[in-house]
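Have a look at the picture first, and then we'll go step by step.

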2 protein chains.
Amino acid sequence: MTTPAPVRGRPLASDQDSREKLLDTATLLFSSQGIAVTTVAAVARQAGVTAAMVHYYFKNRDQLIEAVVDERVSLFIRSIWEPINGDQPPEQMIMGIVDRMISTTEKMPWMPALWVREVLSDGGQLRERMVRRVPLAKLMLFADNIARSQQAGQLNPQLQPDLIFVSVIGLTMLPLAMARTLKDRPSLPIAHKLALMDKALLARHIKALLLHGLAMPGATLSDD
Amino acid sequence: MTTPAPVRGRPLASDQDSREKLLDTATLLFSSQGIAVTTVAAVARQAGVTAAMVHYYFKNRDQLIEAVVDERVSLFIRSIWEPINGDQPPEQMIMGIVDRMISTTEKMPWMPALWVREVLSDGGQLRERMVRRVPLAKLMLFADNIARSQQAGQLNPQLQPDLIFVSVIGLTMLPLAMARTLKDRPSLPIAHKLALMDKALLARHIKALLLHGLAMPGATLSDD
């Protein structure tokens with residue numbers, strides 16, 4: 001690719017860049033210190049622009065938050081759920097979610113902390129906004145797929161289909177969130193492990209647990 | 001036991017009651033709205049006493065927080081870890097932790113939200129205080145027990161011994177935290193399920209996943 005020559009209309013592209021930079025700055029601040037304490041002035045200061053500039057792109061603080069959800073957080077949700085069609089074998093469907101949660105977090109490292117603080121916490125400011133964006137149809141495909149496989153005698157019948165996605169979040173997002181928040185505590189053995197952990201090792205552990213639990217993954221003969 | 005007759009020194013008992021009530025009030029406020037925004041005055045107001053009374057029992061805000069950790073949060077940690085001695089079969093040791101996390105949360109319903117907000121979140125005010133109280137010796141007994149069973153060919157060798165406790169926390173504390181925080185969202189199917197869920201059903205799901213994962217829990221023949 002050659003560098004494009006300066007042309008008229010270039011200010012539009014740079015406008016877009018400034019807007020993207022403000023969104024990135026706001027997302028990082030929301031994740032690291034919380035939405036409640038992050039003012040428009042703080043976002044502007046961090047991005048090296050005036051507060052008026054932030055208002056120019058996002059009108060007000062609420063629209064800035066909406067834009068962070070629509071143009072950042074939603075990308076995370078979409079990347080997790082988009083490939084789910086309900087037809088995959090359930091193990092493959094679930095392993096795919098684990099892989100995508102881990103790989104998408106590599107690209108969006110602010111996500112686990114933002115999720116803990118603003119979605120999971122009481123009074124989190126993204127809870128309502130996230131709830132409105134939950135892909136309910138995909139969630140139902142997911143649970144139906146699992147329930148069907150259980151009825152066919154192919155999947156552990158003691159699992160609750162509706163709880164499996166919650167379990168996958170717990171197994172995956174929690175260590176990712178802990179890895180970030182514990183990285184300043186190298187004295188704790190587990191913190192060290194989590195912070196420095198090869199993500200491939202984490203994925204292997206989570207998948208092994210999801211596939212066979214504590215049991216030896218040897219040849220399995222069903223009782224019936 | 002007979003009811004003790006009123007005796008001199010009774011004011012001491014009542015003193016103890018007031019102190020306990022203040023601790024309960026502070027714990028609930030810390031859990032529901034966060035430590036950062038909970039002033040001594042707010043605790044006093046909620047408990048129906050003067051701020052001077054809070055200072056009488058706890059000297060300052062920092063000592064109030066320390067007392068909440070020592071006399072409330074530590075009870076939770078202790079109830080989870082105390083029975084661990086490293087000699088139980090690992091499945092039994094892990095199932096016991098799940099049972100105790102769920103049953104202790106019934107008695108201390110403020111714990112999951114407090115944990116999410118003040119331990120797991122970046123900048124959580126209990127993180128350092130909790131880290132100092134992690135029962136490292138028990139954690140090592142736990143991980144050693146698992147590693148031994150793996151070497152003996154009795155436990156899934158692909159699991160990371162150090163990560164299993166993190167997995168148990170994720171599988172157990174996360175739905176407990178979500179059940180509390182989602183209980184005002186009955187329109188979301190999963191929220192409804194989690195909020196109204198019979199804790200026995202949740203325990204069954206978590207244990208089934210930990211014991212066998214997605215695999216059918218039929219007779220298992222190891223490959224070797």
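## What counts as touching

Before we start, one term: two residues are in contact when they have heavy atoms within 4.5 Å. Keep in mind, too, that this is a predicted model.

With that in hand, look at where the two chains meet. In chain B, 65 residues are in contact with 65 residues of chain A. Of the interface residues of chain B, 100% are also interface residues in chain A, so the copies meet through the same surface.

## How the copies are related

## Inside the chain-to-chain interface

Together, chain B and chain A bury about 6300 Å², and 67% of that is on carbon and sulfur atoms. How many salt bridges cross this interface? The rule finds zero between chain B and chain A. Polar contacts are there, though: 18 residue pairs, with both partners at pLDDT 80 or more.

Which parts of chain B do the touching? Several elements each supply at least two residues to the side of chain B that touches chain A, among them α1 (10-33), α5 (90-107), α9 (161-181) and β1 (219-221). The biggest giver is α9(B), with 13 residues. Sorted by class, that side of chain B has 38 nonpolar, 17 polar and 10 charged residues.

Now zoom in on chain A by itself. Nine residues of domain 1 of chain A are in contact with eight residues of domain 2 of chain A.

These two domains of chain A bury about 660 Å² between them, with carbon and sulfur atoms giving 62%. On the domain 1 side, A:Thr27, A:Ser31 and A:Ile35 supply 66% of the area buried against domain 2, more than any other three residues. The count of salt bridges between domain 1 and domain 2 of chain A is zero, while three residue pairs are in polar contact, both partners at pLDDT 80 or more. The side of domain 1 of chain A that touches domain 2 has four nonpolar, five polar and no charged residues.

## Where a salt bridge does show up

Side chains of opposite charge can pair when their charged atoms come close. Over all chains, the structure holds 18 salt bridges.

One of them joins A:Glu106 and A:Lys199, whose closest N and O atoms are 3.9 Å apart. A:Glu106 sits in helix α5 of chain A and A:Lys199 in helix α11 of chain A, so the pair ties together parts that are 93 residues apart in sequence.

Conventions: Residues numbered from 1 in each chain as written. Chains lettered and ligands numbered in written order. Predicted model: local features only at pLDDT ≥ 70, side-chain atom pairs only at ≥ 80, totals over all residues. Heavy atoms only, no water. Buried area = accessible area lost by both parts, 1.4 Å probe. Salt bridge = Lys/Arg side-chain N within 4 Å of Asp/Glu carboxyl O. Polar contact = N/O pair within 3.5 Å; in protein donor to acceptor, adjacent residues only side chain to side chain. Helix = DSSP H or I, 4+ residues; strand = E, 2+ residues; numbered from the N terminus. Nonpolar A, V, L, I, M, F, W, Y, C, P; charged D, E, K, R; others polar.
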